[in-house]
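Please walk through this structure with me.

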Amino acid sequence: MNNLEIYDTTLREGEQAAGASFNIDDRVKVCKKLDDLGVDYIEVGWPFASKETFESFKPCMNATKNAEVVAFGSTSIDKIVEDDGNLKSLIDCGASIACIFGKTHPEHVEKQLKITLQENLKRITDSSAFLIKNNVKVFYDAEHYFDSFKLNKNYAIFTLASALKGGAERLILCDTNGGTLPNEAESIVKETKNRLENFGTRFELGLHFHDDSGLALANTLACLPYARQVQGTINGIGERVGNLNLSEFLPIYMKKMGNKRNTNLKLLKKINEDIFRIAGIDIPESRAFVGDTAFAHKGGVHTDATLKGLSYEHEIPEEFGNKRTILLNTLGGRACVTSVAKEFGYELNKTNPETISKIESLFEELKSLEERGYRMGAVKAEKYLLIEKYFGDLEEFCKIEEWEVNTKYMRGKERSTFKMNYELNGELFRKVETVDGGPVDAAYKTIKAALKTQYQEIGNLKLKDFHVNIAKSRGEESSVRTIVYFNDGEEFETIGVDPNIIQSAVEALEKGFRYYLNRQPKKVEIDLKMLKNNKMYG
């Protein structure tokens, strides 16, 4: 299976996930990222569905260097294929390949299309032939194939044969309801291949599994020996529960099974998360291979073993663009703190009384943070700030004593003013900034302007994004957790938690600036001393 084709349908199937959406610019960005990763086919969408989707094909094709752009559609909706607007859109959008789905299940043919089973077979053949006549290659998606095969295997096979008769190059077997078991899936795909071979026409099978039973990956792996193509989405998102997750399948196919592909797995984590953000969907922490907690260690035994060169990891994190993380938490014991401190250059002596006292103090603060819902054990900047506070020379720089924000929204435009009284290096100041934007943007620019009066390098720090969710659910008194994402060449994030949504953002912003400035070079003599002593403590 070293010539296995990877077909990504994030821009179509993925957009059907609750909360997901892509505009033209988003589609272009996603295409570039998938092309960089090394997928073979990128399904941009159904051009007949909307003008925006239709107009996205040309820029998407211009954005890809290696992957082929595919248009999605259906078999003819009109009785006469030459008059069918859906098929015409597949030709007019400019894609050289169309993936069209057709009805395989007899009940769907009769109740949804309201045509005869024979007419359905004719439309499959005629639709495929019409596209090929107009220089568009055809992949045929057999919708509900596995359910149909179990109900009426002869008709299921005839639908595939009809697509072959029309000239389709790939026959994609779809588990549209996502309810098939692996042993069933393998048996059906194997028998399908054997029976199609009797037609004497060259064909290649593809697999398209939905994940409603949590079995899309298992089903795909079970059926791999019979398939040339695998379809899925880069992060598993899709309608209902979702589709085969290519961020899981590719590492297993390449690393676990030893197959070679021109796929850059080291880009996998970043691309996975970038596409989540572009789609507008929360990024789950727990994701195989690429999640923040995929190689994270929390328990004391695991942490201690990791410090001693032992492993609780099934693969090397860096192979997927990930990294090992020791979660700063109250369950990990002293080994947790010493391990995290080591990330920042501190060699702590766990038996030193002063070190023990500092660890206990850190634990008390950490316990309070955990109870309030910070969930920051894997966040590098948050770990740094705590370690530096107790074992280094953390500088506060700017402390906001009081703030006020006014936001006005009128005729689709937002304008905000942020006022703050703050302490900067022991002196009290007042700063006011008005911006075209929301309160978080106003707070960011006000704090940045205040710090820039004494720290010009702060101009290099950019606010990339921010995200808000519930930290602790208590009805109308719930607290919110705001994550602010920064970029200064390195991406990092900081967290704020408060019942007031603006205060949670202000806290995260303050900590982001604090983290950035504390990482800037100190005076030369201090730097030399730190290098000489390797920041030894205790």
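Start at helix α15 (residues 380-391), where Ala381, Glu382, Lys383, Tyr384, Leu385, Leu386, Ile387, Glu388, Tyr390 and Phe391 are buried. Buried means under 20% relative accessible area, exposed over 50%, and partly exposed in between (1.4 Å probe, protein chains only). With 10 of its 12 residues buried, α15 is largely enclosed by the rest of the structure. Helices (H or I, at least four residues) and strands (E, at least two) are DSSP runs, numbered from the N terminus.

This is a predicted model: local features need pLDDT of at least 70, side-chain atom pairs count only at pLDDT 80 or more, and totals for chains, interfaces and linings use all residues. Residues are numbered from 1 along each chain as its sequence is written, and side-chain values use heavy atoms, leaving out hydrogens and water.

The length of α15 agrees with expectation: at 1.5 Å a residue its 12 residues should span 16 Å, and its end C-alpha atoms are 16 Å apart. The expected span is 1.5 Å times one less than the number of residues.

Lys383 forms a salt bridge with Glu343 (3.4 Å, N to O). That pair links distant parts of the chain, with Lys383 in α15 and Glu343 in helix α13 (residues 333-343), 40 residues apart. A salt bridge here is a side-chain nitrogen of Lys or Arg within 4 Å of a carboxyl oxygen of Asp or Glu. Lys383 is buried at 2% relative accessibility. Glu343 is partly exposed at 40%.

The whole structure holds 34 salt bridges. One of them joins Glu204 to Arg202 (3.4 Å, N to O). Glu204 is buried at 18%, whereas Arg202 is exposed at 66%.

Now the cysteines. How many disulfides does a search of the whole structure find? It finds zero, a disulfide being a pair of cysteine sulfur atoms within 2.5 Å. The sulfur of Cys93 lies 11 Å from the closest cysteine sulfur, in Cys60, too far for a bond. Cys223 is buried, with a relative accessible area of 0%.

Finish with the strands. Five of the five residues of strand β2 (residues 41-45) are buried, so β2 is largely enclosed by the rest of the structure. Strand β1 (residues 5-8) runs parallel to β2, joined by two bridges. Strands count as paired if DSSP finds at least two bridges between them. Asp8 has Ile42 as its bridge partner in β2. On to strand β3 (residues 68-74): β2 pairs with β3 in the parallel sense over four bridges.
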